[in-house]
Amino acid sequence: MSRGRFITLEGGEGAGKSTVMAVIAATLAERGIAFELTREPGGTPLAEAIRALALDPRWSGVMQAETELLLVFAARAQHVRERVAPALAAGRWVVSDRYTDASYAYQGGGRGQPAERIAALEQWAAPLTPDLTLLLDVPVEQGLARAFSRGERDRMEREQAEFHERVQVAYHARAAADPARFRIVDARQPQAQVAAAVRTELLRWIDAA
Ligand code: TMP
């Protein structure tokens, strides 16, 4: 049995990831591919509990950058071992709404944690690299407006626009450093066009293998 493929979806706040997850799911189903949808931080009961702790607005201004970095990797260590790796080994594809690139973007770019520190954690806590990463690209202002319209803000969404600008820059740097793995999707377009672009990119990638 061949190993499943690992696809991740990334982007700043309000980039429209939920809609795109549904498009990816529909496209894989159409091709008869067995897959699982998951998210980070989270994806297992324990990792979801760590997520709730990490994003709780109660800890705004209290949680240290180091604590935050360790929490997202604690959730990831559990998620990778309990869910992602077993699914891939069983031949299923895994689509994750965020993964390690988010740590380079938010904890690295946003909080200024050194990239070498993140790379060291990645190496032992979650040494699984996605086969394909879709990065939804939307201007920070537009994304935040969309995220805020959803109501209650989590701890990250409460950060200043400058924080989210640094996240965006770091995401672009990650994509530029690994063009073979990344596909950047222009998420400023109307939803139907974003959906069509994602479907086209994904089918092209599936068929190229
Ligand atoms: P989301 O599910 O709405 O994208 O929320 C997850 C939040 O967690 C989002 O603000 C990004 C943040 N996050 C990190 O800061 N580091 C990480 O490694 C991951 C996976 C997410």
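**Ligand**

I began with arginine 51, which has a polar side-chain atom 2.9 Å from an oxygen atom of the ligand (a polar contact is a pair of N or O atoms within 3.5 Å). I then looked up lysine 17, where a polar side-chain atom also lies 2.9 Å from a ligand oxygen atom. For arginine 76, I found a side-chain N or O atom 2.9 Å from an oxygen atom of the ligand. Taken alone, the ligand exposes 480 Å², and the protein buries 93% of that (Shrake-Rupley method, 1.4 Å probe). I noted 15 residues around the ligand, the closest being Glu13, Arg76, Arg98, Ser103 and Gln107 (a heavy atom within 4 Å).

**Basis**

I recorded that this is a predicted model, in which local features need pLDDT of at least 70 and side-chain atom pairs count only at pLDDT 80 or more, while totals for chains, interfaces and linings use all residues. Residues are numbered from 1 along each chain as its sequence is written, and side-chain values use heavy atoms, with hydrogens and water left out.

**Helix 7**

I turned to helix 7, residues 161-177 (a DSSP run of H or I, at least four residues). Its buried residues are Phe163, His164, Val167, Gln168, Ala170, Tyr171 and Ala175 (under 20% relative accessible area, 1.4 Å probe, protein chains only). They cover an arc of only 165 degrees around the axis, which puts them on the same side of helix 7 (directions from the axis to the C-beta atoms). I found strand 1 (6-11) and helix 4 (100-110) among the elements covering these buried residues (heavy atoms within 4.5 Å). The face turned away from the buried side carries Val169, Ala176 and Ala177, which are exposed (over 50%).

Methods: Helix = DSSP H or I, 4+ residues; strand = E, 2+ residues; numbered from the N terminus. Expected span 1.5 Å × (residues − 1). Polar contact = N/O pair within 3.5 Å; in protein donor to acceptor, adjacent residues only side chain to side chain.
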